[in-house]
Amino acid sequence: MAAAAATSIEAAAQKLLNPNGDEFDVSLLDDVITAAYSPTDPNRAMANKTLMALQETPNVWTKADAILERAQNPQSRFFGLQVLDDAIRTRWNVLPADQRDGIKNYVVGKVIQVSSDESLATHEKVFLSKLNLTLVQILKQEWPHNWPTFIPDLVGSSKTSELLCENNMQILKLLSEEIFDFSRDQMVTLKVKKMKESLNSEFSAIFHLCEFILEHSKHPSLLKVTLQTLQRFLTWIPLGFIFQTNLVDTLLNKFFPEPLFRNDTLDCLAEIGSLTDLEPKYDPIFCQLFVGFLARLGNIFSPETDLTQPFENGSDEDCIFIQRLALFFTGFLKAHLKALEGPETQQALMAGLFYLVRVSEVDDVEIFRICLEAWHMIAHDLYQTDVEFRTRSSLPGAGGMNDVLNLGAGASDQPPTNPATAAASRKFMYGPVLTGVRHVMIAKMAKPEEVLIVEDENGDIVRETTKDTDVIAQYKTMRETLVYLTHLNCDDTESIMLAKLTAQVNGTEWSWNNLNTLCWAIGSISGAMSEDEEKRFLVTVIKDLLGLCEQKRGKDNKAVIASNIMYVVGQYPRFLKAHWKFLKTVVNKLFEFMHEVHPGVQDMACDTFLKIATKCKRKFVTLQIDERVPFITELVETMPSIISDLEPHQVQAFYEAVGCMLSDKGPAVTVDRAELLEKLMEMPNRRWKMIMDQANTNVESLVVPNTIKEITKILKTNNKTCSSIGSIYANQLQTFFMDLLNVYKVYSERISITIAQQGPGATQLSLVRTMRSAKKEVLRLLVVFIEKSGPPEADPQAVAQGFLPPVLDPILGDYQRNIPNARDPEVLTLFTTVVEKLKGHIVGDVPRIMEAVFECTLQMITANFEDFPEHRLRFFEFIRAVNSHCFQALFNIPPEHQKLVVDSVVWAMKHTERNISDTGLNILHELLQNVGKAHNIAQGFYQQYLLALIQDVFAVMTDRLHKSGFKMHATLLRYMFHLVQMNHVTLPLFDPASASAGQTNPAFLRDHISSLLIQSFPNLTRTQVSTFVEGMFDLKMDLPTFKTHLRDFLIQLKEFSAEDNSGLFGEEQDAEARQQLEAREAHRIAVPGLLKPSEIIDEDL
């Protein structure tokens, strides 16, 4: 049976794809489509393949009418529409006029046929909507130039039948969406412009049709679609249609009160309310609209109504209504807040804001995020006003302004004593609303990034596995809003938070979510209070939270409270620094949490400990009141028991924190840092010594997988300690430096032997990968040590003499000898760091380093642009470091290697990876500048390379793949052309034997570049080229003028003229983005509390 079916599908496919002059058999198509859409049909794959092949058949669209008329399977008809759509989109302009008219007339006739019959339109609803989309595709091709009567025809036919009218409204809605919303990527700009102009000029007829329907129709579905269509038009229609007609009145008084039309009407009103950048003459109209809307809304519910239950238990329509209410108020307030603050509408504004508070309270994230936009804007605006008045009042001769405007210190919302001045105070006017907003913000605070413990969908407390970027963005906006609200009235924020905390402690409002949001809110306003206010507030908060931790039973409860304690204390380093007793209590509590095995608690404890150690390090290394010794002395003594339950990565974070404390070498620090470091590293050093003792007896013990993993853990601990403690780590490194290199050597040799025996594929073996990870840790530790090295413990000269010679053979030799896949890019990072840090102290060693890494790496990365991406970036960073800090060494290497250096730089700037091409351009610029200063080598370098470099930069600039590097292309060309023009190049760039008498470098370069450009770009005239080349030699041109000259030339080129050339203006765009970022950062710095404590640089540390 299955075989017979397969044969029939195959035969059908054959007949459909090769009709041989027979009429197209729609019933066969039905069979194929039935098989394709049946999940259990064994011939489904073959049927799908047939449909794809049929779709690609050039003239299949000519069968669309037969398919649409005769197909029995609904999916067959959709297939017919699909092929027709494809033909309209891709072949319309090559079809003969009679075929275009035939398609157009057929589609229009079919639309009218289906939409004029009520039962057919209902039954074929999906088909009709697809048919409408096909008609819109035709309109995008034909209207207005080939079908100027479309709008009048549509409007005329709408008046003949309400059913037809309803579908015509759908077509108009789709047309508006296509032109104004989705056209950017699908139609050329000129076409979109013409269609917009046509729709605008003919909108009068459309509007009058809508007006007529809204006034006279009793057909609910027609009225609904008319309102929806109108909403699409409201963003772009001339304002006269909105404000000089009865439209607003009709919407507000006829349709908004009716539940059936309420949501669509509210959509229209939200669109009108959010219109911005209008003339001031429209302000009274918007105020009137707002007042009228509130009157109508008041008939539905009052501003005091709690919407949380109606939203939770209401219908979908109720939920949509509340969401659209949020959009209406947010859009209206963002566009017209200042206009609504006038005396006549103040009361309505406050009522509207209270409505928005109620809407903000409903349990829906998307609705809250809509409302949050408005609250952030209002809080920021009020804060700015507050600051401006305070600044002005502090100027000479402005005494008493604080009292008049009620904007003085103390930040209270109490009304001024003189009622006449109350109206002048925006802050006072908004006071009651802002209290409601504070309640909402605190109750709905989003989770900060630092909190790792969350409640999952099953109600269990677990460690967070992924970051939710939407929640992080929401937290950032909420945090800023709450900071502004705290500045506007610190007392109110504090009293709300403390009341909510009391309700947690006494159990009346206890829940994980309530405690979480409260503590996240408390942590988010760090820095927004004065130091005295913060002290009073935090003493209560920390005491209550610690008490709550003792009071509550159950692992999950304790985990939630612990995470909140850790988050809050981590946000207030200023308070902890000023109150040692609290700081000590908090740190000891963190040590307790480090034994709590609930997922996430230990991670947060270690993260918080590191955060506190970074910000309060001096407190731990100096003697505090009532203490016998500095805290760190006791800490290193008791450390084994503190970290006994931690995982390896947590132990490493702990070592980083203690290293951070020991990095403080200020004058007040009297502890012996070297002795404490030795004590700190006792545990890893003891374990390291045991491993080395075993290796001395039997070197094979080093390649046992568990031993390799143990070594890797010890190295990671050392790495973290070194990164935080700084140059004093030299004392620790000395204790096992030679062992470290021997371990590296053993692993290198073992890897090489394995590869020799088993071939290049051996790099994927588990043991080889484990050994390579240990080697990488050795390299990372050495990189960090070099980065952190410095006097007095690790003087550059001492490091160059003591550190470098032993490292060269085990690391460099291994890199050079190994196969490409076994070479670690960290080796290049290490020697880049060595060159950058030790500079002139290692000039003599650079040729040896280059000999080992240069040629073998170049062979790896020049085969193509894809392989070994890490090596290629690290390699060019190494070249750049040598060029910047040990330039002379580049000319102490053999001449063939010098050429390789220049070739590699040129190769880098031709790279399609932007960061590599940018690095290449920067290296070349620095190289040319260094050569210019080295008179002994400059002329030889110019004679050998300058002409080729100019050609290479031109080639990269005109290849259309490197537009982002335009600024540096211009900088390099200007530098090189001006070198020649100013006669700084004294040796000939040409062959003197074949040159005419009196030939000069500037004249030769002019002719050479002109010939090159005429050959490369035949569309350019000699005059264009001559003008361009002369400009290149113009010494009066500064860099901006030179760039404009180059940019104009590039845009003339045929290859560039049809492209997006925004990349050529990248520098200006980057500068604008940078200015905006700097302005934002300056604002964040200016507002106390907007910067997180971790972002604030402590000047005293």
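Select Glu634 first: setting aside residues up to four places away in sequence, Glu634 touches Arg628 and Val629, where contact means heavy atoms within 4.5 Å. This is a predicted model, in which local features need pLDDT of at least 70 and side-chain atom pairs count only at pLDDT 80 or more, while totals for chains, interfaces and linings use all residues. Residues are numbered from 1 along each chain as its sequence is written, and side-chain values use heavy atoms, with hydrogens and water left out.

Glu634 lies in helix H34 (residues 631-642); helices are DSSP runs of H or I with at least four residues, numbered from the N terminus. At 28% relative accessibility Glu634 counts as partly exposed, the class between buried (under 20% relative accessible area) and exposed (over 50%), with a 1.4 Å probe and protein chains only.

The side chain of Arg772 reaches the backbone oxygen of Asn821 at 2.8 Å. Leaving aside neighbours within four places in sequence, the contacts of Arg772 are Ile751, Thr763, Asn821, Ala822, Arg823 and Asp824.

Now turn to pairs of helices. Show helix H45 (residues 869-885) together with helix H46 (residues 895-909): they pack at an angle of about 130°, with their axes 11 Å apart, the axes being lines fitted to C-alpha atoms over the stretch in contact, and angles running from 0 to 180 degrees between N-to-C directions. H45 is therefore oblique to H46, since angles under 35 degrees count as roughly parallel, over 145 as roughly antiparallel, 65 to 115 as roughly perpendicular and the rest as oblique. On the H45 side, select Arg872, Phe875, Phe876 and Ile879, which meet Val901, Ser904, Val905, Trp907 and Ala908 in H46.

Finish with helix H49 (residues 966-981) and helix H52 (residues 1039-1052), which pack at an angle of about 110° with their axes 10 Å apart, and which are therefore roughly perpendicular to each other. To display the contact, select Phe966, Lys967, Ala970, Thr971, Leu973 and Arg974 of H49 with Leu1039, Phe1042, Lys1043, Leu1046, Arg1047 and Leu1050 of H52.

Definitions and conventions:
Helices (H or I, at least four residues) and strands (E, at least two) are DSSP runs, numbered from the N terminus. A polar contact is a pair of N or O atoms within 3.5 Å; within protein, one must be able to donate a hydrogen and the other to accept it, and residues adjacent in sequence count only if both atoms are side-chain atoms.
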